[in-house]
Amino acid sequence: MGVELSPVMKAVVLAAGEGRRLWPLTENRPKPMLPVANRPLLEHVVDALVDAGVDEIVLVVGYKRERIQNHFVDHDWDVDLTYVVQDKQLGTGHALLQAEPLIGGEFIAINGDRIVESSLISRVWEEHQKTQEPVMAVANSETPSRYGVVDVEDGVITGIRERPPQELVTSSLINAGVYALDPSIFSVIRETESRGEQRLTDALMNMDLPVRPVQFSGLWLDVSFPWDLIAINGSVLEYTGAEHDSSVVIDGSAVVSETTSFGAHSVVQANATVLRGTTLGENVSVGPNVVLENSVVLSDVTIKSSATVKDCIIGANTEIGPGTVIEGGSAAVALDDAVYRDVKFGGLIGDNTTLGGNTTLRPGTILGNHVTLESGATADGHVDSNTTIK
Amino acid sequence: MCGITGYVGGEDCHQIIHEGLKNLEYRGYDSAGIAINGPTLSVEKQQGEVSNLDLTTTTNGACGIGHTRWSTHGEPTDENAHPHTDCTNTIAVVHNGIIENYDDLKTDLLDSHVFESETDTEVVPHLLEEALHTQPSLLAAMQAVTHDLDGSYAIAATHVDEDGIVVARQDSPLIIGHGEDDHYLGSDVTAFADHTRDVTYLEDGDIAHLTQDAVHIYNDGERVSRPVETIEWDADAVEKAGYDHYMLKEIHGQPRALRQALSGRVDQLSGRVDLELSLDSETLKDVQKVEVVACGTSYHAGVYAKELLETHTDLDVSVTHASEYAFTTQNPGETLVLAITQSGETADTLSALREATGAGAHSIAITNTLGSTVTREVDDTVFIRAGPEIGVAATKTFVSQVATTVLLTTHLGRVRGTLDHQTTDELLGSLRDLPGAIQQVLDEEATFRDLAREHAESEAFFYIGRRYGYPVALESALKLKEISYDHAEGFPAGELKHGPLALVTPDTPVLAILTEGAASERTLNNVKEVDSRGAPTIGLTTNPDHARFLDHAIDLPECGILEPLVANVALQLFAYHVANEKDRAIDKPRNLAKSVTVE
């Protein structure tokens with residue numbers, strides 16, 4: 001526990017959005033529920049808030065909210081969790097407004113889909129206590145145009161532009177998605193002109209008081225693209241070390257690396273090899289002689305004998321047939337009308353998909369949900385949901 | 001069948017008892033009341049839910065008892081609400097169960113006592129008042145009075161001149177919670193799980209005196225010691241977690257509940273199932289007959305179990321509503337009675353079980369509740385591990401009960417040599433696929449909400465299925481009638497033409513289970529029968545060819561012989577949304593309570 005800085009420290013977590021760039025995983029779950037080291041991004045956020053001394057958390061949920069509510073129901077959280085629902089996703093400002101009835105004083109607002117260190121939250125809060133002005137965390141980024149680019153002059157934030165084109169980027173500082181605010185923000189959000197969506201950042205620029213930046217260079221992880229999930233999962237596992245639920249069964253002849261995380265009721269069968277950077281969700285079955293490396297495997301997946309899976313994300317309840325090869329390595333991936341070259345990305349397979357025996361996934365392939373790849377078939381590129389490939 | 005709470009200690013007695021009652025409301029909610037002792041006796045009670053109870057005028061004190069009622073004797077009125085008091089207004093009593101000889105006892109008391117209610121319970125405070133003329137304490141009075149009581153009871157009483165609470169248990173659950181500097185009482189642990197997880201389960205015949213510092217337990221006049229157990233309990237599990245109803249939360253909790261039910265019980269390599277039974281293979285080989293006893297939803301799980309056991313073993317299997325059960329078998333040593341009860345306290349089931357075990361039958365219980373009465377009365381218990389279920393309409397416990405009976409069937413089939421490797425793999429494979437298949441149905445909730453909106457105002461609903469589809473038809477119809485109050489019936493599909501077809505009109509949707517394990521091709525003929533009478537037809541199917549015979553085809557993910565169970569989850573969502581459209585009290589349907597501890 002961190003130092004308790006005020007009698008009751010409240011936080012509002014914005015977790016109502018979808019996160020389309022992580023398709024098809026976000027067809028069935030919101031982006032905050034994507035797992036890193038077997039815990040959803042949102043759980044990392046909640047833990048950081050608790051470590052920073054937060055007593056009460058209001059979760060703003062909307063898109064596929066059942067997934068969030070189900071997750072947090074079954075654990076003992078050292079904090080009061082309350083839900084408010086944003087029925088339509090009309091922007092971060094609109095999301096924050098949904099929490100207004102539960103907020104009587106100053107509070108932390110934070111994005112629910114980015115991993116941050118608790119010390120960042122504490123510093124933002126302390127700065128707010130000192131200045132009594134709105135505070136926003138900013139971080140340095142090599143790719144600022146993916147985020148909200150922040151201009152700072154004389155210790156005050158003078159501009160925030162959401163995902164500007166590369167040529168208009170004037171700063172390497174980006175919005176890290178952690179704020180300390182007071183209830184005056186709510187009326188400002190309401191009065192700020194909305195262009196289709198009510199953004200919190202637009203409202204911040206309309207505040208009477210200056211918005212103070214807290215610059216930060218510690219742990220700050222964002223999953224923008226599918227391959228980020230694999231990389232971040234690997235780095236977090238390096239940091240946490242092996243975590244295997246007590247109900248996991250691992251055959252004595254299997255080889256399991258130190259940096260892996262296995263969820264409840266999962267089974268690793270004879271002679272299987274599970275190498276670094278791999279996470280198994282709940283009730284996953286890894287068959288005999290399977291080789292699994294640097295991959296994120298969601299719940300209820302079955303990987304049959306002698307399959308090789310590398311640098312890959314496998315969606316829930318998917319079946320990988322015997323002898324299947326997902327070779328991994330570098331790929332050029334087309335996503336959102338852009339091509340990303342040299343990304344380490346063996347592929348992304350959606351939920352409830354079936355790969356037959358001896359199938360092949362070329363590096364960088366993205367398969368939708370409910371795809372069937374018949375035995376011996378090869379998949380490449382982008383495959384829509386409910387497709388059968390012969 | 002009601003809920004009891006109690007508290008002795010230095011904290012806010014009011015608040016603790018009131019919270020405890022709220023947590024127990026699923027046991028009954030037609031009236032509620034509390035009595036606080038010290039320095040005077042202050043009783044507040046009324047018809048209606050716990051939240052209606054006005055406690056602003058009652059004084060606070062060092063100990064108290066509370067009650068939430070589900071009426072058996074006497075209508076839900078302010079007078080019939082517990083606690084009941086004696087003529088001198090010094091003793092307050094709450095009671096769960098039925099005093100069977102209350103009529104005789106009351107007749108004897110009427111000369112010298114004034115009764116204010118129609119309940120069986122009210123004899124107890126008056127009997128205690130009488131006994132106190134000769135007995136030195138409330139404890140001694142309770143010991144004397146319980147000799148005269150027939151029936152089932154959990155009783156808690158408090159006397160204005162004495163410290164603490166005196167309780168008695170016979171065939172109704174009563175649990176003591178040990179706090180740091182105080183003691184709690186509850187019909188189950190939900191009453192006080194927020195405060196302590198160190199508990200003592202009282203046994204039949206126990207009478208206990210709870211004070212702030214100590215608990216003394218007696219049985220048959222002798223001081224006895226009962227163990228203090230620490231329960232694993234997640235208090236958050238009894239909150240709604242952002243859902244509008246517990247029932248919806250529990251529907252969505254099914255994939256996880258199932259993974260827990262299966263965890264560690266299946267060795268995938270050998271196909272062996274380990275349920276940690278004490279009944280050894282030899283005994284299980286010698287069994288010739290299985291008699292399943294259960295009530296309500298558990299009975300439907302029993303019908304599923306019968307089909308499973310008869311298909312995969314050579315056992316002769318019967319399934320009987322526990323209240324209709326009679327043990328008539330000639331060879332009790334070759335009979336296994338299988339009692340299925342979510343709460344482990346269902347009076348009808350316990351009574352049937354006792355009849356069979358009393359005659360010498362072997363016994364296994366399938367239950368969700370650690371420490372429950374049934375677990376102490378059987379050779380073996382297989383827990384379904386579904387976690388607490390608060391919604392009165394059972395959802396996740398049905399699915400977990402069936403999954404558990406698949407494990408038991410596999411075990412019996414392997415032991416008896418009637419189940420080959422391939423079929424074992426298929427059964428266990430279906431089980432492993434079940435959580436993922438159910439998740440897919442949950443992800444399509446909007447489909448079922450739309451379907452429910454379209455049909456919510458129908459005159460009646462008929463559910464049909466064959467084989468494993470039959471218990472699911474029964475259970476799905478029960479779900480709808482429990483929470484929406486609509487007329488809904490489940491039939492074996494082939495029975496339709498032998499009578500119920502006369503009820504079918506264009507305003508009575510027919511919902512058909514058309515999956516694997518449900519003889520779907522034959523049921524499809526019955527769908528055509530109702531279609532030609534103009535009834536809207538809704539089919540739950542894994543076969544795309546069925547769609548052209550149906551007004552609505554609901555595609556389900558494949559899951560072998562457990563596909564009907566996947567259909568059940570879809571129909572749970574249908575029932576939920578029909579009831580929600582009508583704004584029903586989904587978690588507390590009228591006239592129903594969760595744990596039925598009266599016969």
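1. Chain A and chain B meet through 24 residues of chain A and 23 residues of chain B, where a contact requires C-beta atoms, placed from the backbone, within 7 Å. On the side of chain A that touches chain B, helix H3 (residues 65–73) of chain A gives the largest share, six residues. By class, that side of chain A has eight nonpolar, ten polar and six charged residues; nonpolar covers Ala, Val, Leu, Ile, Met, Phe, Trp, Tyr, Cys and Pro, charged covers Asp, Glu, Lys and Arg, and the others, Gly among them, are polar.

2. A word on conventions. This is a predicted model, in which local features need pLDDT of at least 70 and side-chain atom pairs count only at pLDDT 80 or more, while totals for chains, interfaces and linings use all residues. Residues are numbered from 1 along each chain as its sequence is written, with chains lettered from A and ligands numbered from 1 in the order in which they are written.

3. Chain B holds an open sheet of seven strands, ordered S5-S6-S7-S8-S12-S13-S14, with antiparallel pairing. Helices (H or I, at least four residues) and strands (E, at least two) are DSSP runs, numbered from the N terminus, and two strands pair if DSSP finds at least two bridges between them. Strands S5 (84–85) and S14 (222–224) of chain B are the edges: each has a single partner strand, so one side of each lacks a neighbour in the sheet.

4. Do have a look at S12 (residues 206–210) of chain B, which pairs with S13 (residues 215–219) of chain B in the antiparallel sense over five bridges. The two form a hairpin with four residues between them, and B:Ile207 has B:Tyr218 as its bridge partner in S13(B). S8(B) is joined to S12(B) by four bridges, again antiparallel; here B:Val167 is partnered by B:Ala208.

5. Is S12(B) buried or exposed? Five of its five residues are buried, so S12(B) is largely enclosed by the rest of the structure; buried means 20 or more other C-beta atoms within 10 Å of a residue's own, with C-beta atoms placed from the backbone. B:Asp206, B:Ala208 and B:Leu210 point one way from the strand, B:Ile207 and B:His209 the other. In a regular strand, side chains alternate between the two faces of the sheet.

6. Now for two helices of chain B. The axes of H13 (residues 469–484) and H15 (residues 563–581) of chain B come within 9 Å and cross at roughly 15°; axes are lines fitted to C-alpha atoms over the stretch in contact, and angles run from 0 to 180 degrees between N-to-C directions. H13(B) is therefore roughly parallel to H15(B), a label for angles under 35 degrees. Residues in this contact include B:Val472 and B:Leu480 of H13(B) and B:Leu571 and B:Ala575 of H15(B). The contact divides into eleven nonpolar, five polar and two charged residues.

7. Lastly, helix H6 (residues 254–262) of chain B has nine of its nine residues buried, so H6(B) is largely enclosed by the rest of the structure. Among the elements covering them are H5 (246–252), H10 (396–415) and H15 of chain B. After H6(B) comes B:Gly264, with a positive phi near 75°.

Methods: Two residues are in contact if their C-beta atoms, placed from the backbone, lie within 7 Å. A residue is buried if 20 or more other C-beta atoms lie within 10 Å of its own, exposed if 12 or fewer, and partly exposed in between; C-beta atoms are placed from the backbone. Angles under 35 degrees count as roughly parallel, over 145 as roughly antiparallel, 65 to 115 as roughly perpendicular and the rest as oblique.
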